[in-house]
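The following exercises ask the reader to work through a protein model step by step. Each task sentence is followed by its worked solution.

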Amino acid sequence: MNQGDRHKAMGGASTVACTIIIPTRDKLEYLQPCVESLLKTATELSFDILIIDNGSEQQATRDYLVSLQNEPQIRVIEWDHPFNFSALNNFAAAQTEAEVLCFLNNDIEVIHSDWLDQLYPIAQRSDVGAVGCLLLYPDKTIQHGGIALDQQSLAKHIALNEPQNVYARAGFGQPIAVHAVTAACLLTRRKTFEQVGGFNTEELAVAYNDLDYCLRLAESGLPSLFHPGVCLIHHESISRQ
């Protein structure tokens, strides 16, 4: 049974509550820990992992991607075009019928196995556009605590380089509204994603596509929420260096 047949045997994409979409290109030293940590997610939710390979060249990476065909929760598809983060994710989103999409960088590591149980119920709400979480550098300082716009409309990561417990000290333990969350970990309803046209593939091929998406959600009356109680490790931008 090949990977496609195995996925159909599981009931197909339509039975999956959440699809985790991971664009990748080589950097196996980050992709493998990312995938292995995701497979340790403790949840009764049905979820699968869709890896979209954008031209990996290293044999070790290619061998690893082939080996993942034995994992019933994982699909690997190829996208043989010049790098375009928005187009990559839009293409991948079209390959699933899951209720919720989770856009995830390949340099993310899960450190709390209940992360999906905490974020999914928020993401599936019809009055929420997107939800993200606290992303930490490997030294446990904050890389992403939500995105805010300053008076010059410049996007800044909230609490950048602050200690991990800064939100706890400030009394924030529940989701809070922010201008945007990063697509390094962004959950959104598939229906909503389609309604607003997904990510901007023409003008925002590399950066600010997540900010633009969240701002378009806000224009349609759907806020983006940030959950400071859910933490993941993010090796920021390593995957494209």
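A residue is called buried when its relative accessible area is under 20%, exposed when it is over 50%, and partly exposed in between (1.4 Å probe, protein chains only). Helices (H or I, at least four residues) and strands (E, at least two) are DSSP runs numbered from the N terminus. The model is predicted, so local features need pLDDT of at least 70 and side-chain atom pairs count only at pLDDT 80 or more, whereas totals for chains, interfaces and linings use all residues. Residues are numbered from 1 along each chain as its sequence is written, and side-chain values use heavy atoms, with hydrogens and water left out.

**Exercise 1. Determine which residues of helix 4 are buried, and against which elements they pack.**

Step 1. Helix 4 spans residues 85-93, and because seven of its nine residues are buried, it is largely enclosed by the rest of the structure. The buried residues are Phe85, Ser86, Ala87, Leu88, Asn89, Ala92 and Ala93.

Step 2. With contact taken as heavy atoms within 4.5 Å, the buried residues of helix 4 pack against strand 1, strand 2, strand 4, helix 7 (190-195) and helix 8 (209-219).

Step 3. For the polar contacts here, a pair of N or O atoms must lie within 3.5 Å; within protein, one must be able to donate a hydrogen and the other to accept it, and residues adjacent in sequence count only if both atoms are side-chain atoms. The N-terminal end of helix 4 is capped by Asn84, which has a side-chain oxygen 3.2 Å from the backbone nitrogen of Ser86.

Step 4. Gln95 is found in the loop between helix 4 and strand 4, and its relative accessibility of 31% makes it partly exposed. A polar atom of the Gln95 side chain lies 3.0 Å from the backbone oxygen of Phe91.

**Exercise 2. Describe how strand 1 is paired and which way its side chains point.**

Step 1. Strand 1 (residues 18-24) has seven of its seven residues buried, so it is largely enclosed by the rest of the structure. Cys18, Ile20, Ile22 and Thr24 point one way, while Thr19, Ile21 and Pro23 point the other way.

Step 2. Two strands pair if DSSP finds at least two bridges between them. Strand 1 pairs with strand 2 (residues 47-53) in the parallel sense over seven bridges, and four bridges join strand 1 to strand 4 (residues 100-104), which also run parallel.

Step 3. Ile21 has Leu50 as its bridge partner in strand 2 and Phe103 as its bridge partner in strand 4.

Step 4. Thr24, in strand 1, counts as buried at 2% relative accessibility. Its side chain makes a polar contact of 2.8 Å with the side chain of Asn106, and, not counting residues up to four places away in sequence, Thr24 touches Leu31, Ile51, Ile52, Asp53, Asn54, Ser56 and Asn106.

**Exercise 3. Identify the residues with the most contacts inside the largest nonpolar core.**

Step 1. A nonpolar core is a set of buried Ala, Val, Leu, Ile, Met, Phe, Trp, Tyr and Cys residues joined through side-chain atoms within 4.5 Å. The largest such core has 37 residues, and those with the most contacts inside it are Ile20, Leu104 and Trp115.

Step 2. Helix 5 (residues 115-123) supplies the largest share of this core, namely six residues. Apart from this core lies another, of 34 residues, among them Leu134, Val166, Leu186 and Leu217.

Step 3. Neighbours within four places in sequence left aside, the contacts of Leu104 include Ile20, Ile21, Cys34, Leu38, Ala183 and Leu232.

**Exercise 4. How many disulfides does a search of the whole structure find, and what surrounds His144?**

Step 1. With a disulfide defined as a pair of cysteine sulfur atoms within 2.5 Å, the search finds zero. The closest cysteine sulfur to that of Cys102 is in Cys185, at 4.7 Å, which is too far for a bond. Cys231 is in no disulfide either, the nearest cysteine sulfur being that of Cys133, 7.4 Å away.

Step 2. Cys102 is buried, with a relative accessible area of 0%, and Cys231 counts as buried at 6% relative accessibility.

Step 3. His144 has its place in strand 7 (residues 142-144) and is buried, with a relative accessible area of 0%. The His144 side chain reaches the backbone oxygen of Cys133 at 3.1 Å. Leaving aside neighbours within four places in sequence, the residues in contact with His144 include Cys133, Leu134, His157, Val181 and Phe226.
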